[in-house]
Amino acid sequence: GCEGPDGKVRSGIVVVEYEGNWLSQGAVTWTVLKDFYVDGLKVEGTRTVTNKAFDQSEMILTQTVKIDNGKVIWPDETFITRTSERTHKLKVGDSFNDIELEVSGIASGTTRAGHEYSAETIEPLVFKSMCRGSIYLPASGIKTITIPELTNITVDYGDGSCDNKFMVIMDRGKKEITL
């Protein structure tokens with residue numbers, strides 16, 4: 001029942017197991033949630049992070065991040081599911097404000113209404129440490145979300161500015177959203 005810095009209340013158990021040194025190629029970290037809740041929503045699943053490479057000269061850590069059996073359950077027993085496989089490239093610069101995380105990959109699952117969906121990164125999503133505090137969205141990148149027989153959605157996070165804006169393009173048109 002602890003409130004985090006983001007104002008969300010979390011409770012439950014997070015089990016973390018690892019094999020190998022965090023920066024070593026082949027190191028694996030498993031995270032499993034047990035009776036875990038965020039703001040009253042039950043969250044389930046296993047996250048597996050595997051180090052693929054660490055380029056010390058460029059300071060880039062490349063990892064694969066898989067989510068298996070991901071599920072969020074609302075109090076009314078409705079739920080969403082998610083399975084994903086992504087690549088993360090963490091680039092460390094000269095300062096705390098010079099860190100970037102590139103995320104690419106695929107995901108699939110079911111919506112709360114029971115519709116199947118798939119998502120794919122078209123251009124890597126780039127999160128910048130210099131934007132933290134002002135936004136928690138990617139500063140750039142493009143992803144698509146497909147819900148067969150309903151809609152295709154493209155989300156374009158922009159040009160790299162820390163502006164809290166993104167463009168949503170759907171079958172019926174497009175709209176810029178500012179958070």
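**Close-up views of a predicted model**

**View A. Lysine 71 and the ring of phenylalanine 79.** The charged end of lysine 71 is placed over the ring of phenylalanine 79, at 4.3 Å from the ring centre. A charge sits over a ring if NZ of Lys or CZ of Arg is within 6 Å of the ring centre and within 35 degrees of the ring normal. The model is predicted, with local features requiring pLDDT of at least 70 and side-chain atom pairs counted only at pLDDT 80 or more, while totals for chains, interfaces and linings use all residues. Residues are numbered from 1 along each chain as its sequence is written, and side-chain values use heavy atoms, with hydrogens and water left out.

**View B. The largest pocket and its lining.** The volume of the largest pocket is about 1500 Å³. Of the 49 residues in its lining, Arg47, Ile67, Arg82, Arg86 and Phe127 are the closest to the pocket centre. On a 1 Å grid over the protein atoms alone, a pocket is an open set of points where a 1.4 Å probe fits, with protein on both sides within 12 Å along at least five of seven lines, and lining residues have an atom within 4 Å of a point; a cavity is a set from which the probe cannot get out. Grid points are joined across faces, edges and corners, and the volume is the space filled by probe spheres set on the points. At least two lining residues come from each of strand 3 (28-38), strand 4 (41-55), strand 5 (60-73), strand 6 (79-92), strand 7 (99-110), strand 8 (116-128) and strand 9 (140-147). Strands (E, at least two residues) and helices (H or I, at least four) are DSSP runs, numbered from the N terminus. The lining divides into 25 nonpolar, eleven polar and 13 charged residues. Here Ala, Val, Leu, Ile, Met, Phe, Trp, Tyr, Cys and Pro count as nonpolar, Asp, Glu, Lys and Arg as charged, and the others, Gly among them, as polar.

**View C. The disulfide of cysteine 131 and cysteine 162.** One disulfide, defined as a pair of cysteine sulfur atoms within 2.5 Å, is found in a search of the whole structure. The sulfur atoms of cysteine 131 and cysteine 162 are 1.8 Å apart. The link between these two cysteines is left-handed, with -65° about the S-S bond. Cysteine 131 belongs to the loop between strand 8 and strand 9, and cysteine 162 to the loop between strand 10 (151-159) and strand 11 (165-170), so the pair ties together parts 31 residues apart in sequence. Cysteine 131 is buried, at 1% relative accessible area, whereas cysteine 162 is partly exposed, at 33%. Buried means under 20% relative accessible area, exposed over 50%, and partly exposed in between (1.4 Å probe, protein chains only).

**View D. The aromatic pair of tyrosine 157 and phenylalanine 166.** The structure holds one aromatic pair. Tyrosine 157 and phenylalanine 166 form this tilted pair, with 5.8 Å from centre to centre and 40° between the planes. Rings of Phe, Tyr and Trp (its six-membered ring) pair if their centres lie within 6.5 Å; planes under 30 degrees apart count as stacked, over 60 as edge-to-face and the rest as tilted. Both tyrosine 157 and phenylalanine 166 are buried.

View E. Glutamate 77, in the loop between strand 5 and strand 6, has a phi near 75°, a positive value in a residue other than glycine. Its relative accessible area is 61%, and glutamate 77 is therefore exposed. Asparagine 164 occupies the loop between strand 10 and strand 11, and its phi is near 60°, again a positive value in a residue other than glycine. Asparagine 164 counts as buried, at 18% relative accessibility.

View F. Threonine 178 lies in strand 12 (residues 173-178) and is partly exposed, at 48% relative accessible area. Its C-alpha atom is separated by 4.4 Å from that of lysine 165, 13 residues apart along the chain. Isoleucine 13, in strand 2 (residues 9-19), has a C-alpha separation of 5.0 Å from lysine 34, 21 residues apart along the chain. Arginine 132 is in the loop between strand 8 and strand 9, and the C-alpha atoms of arginine 132 and glycine 114, 18 residues apart along the chain, are separated by 34 Å.
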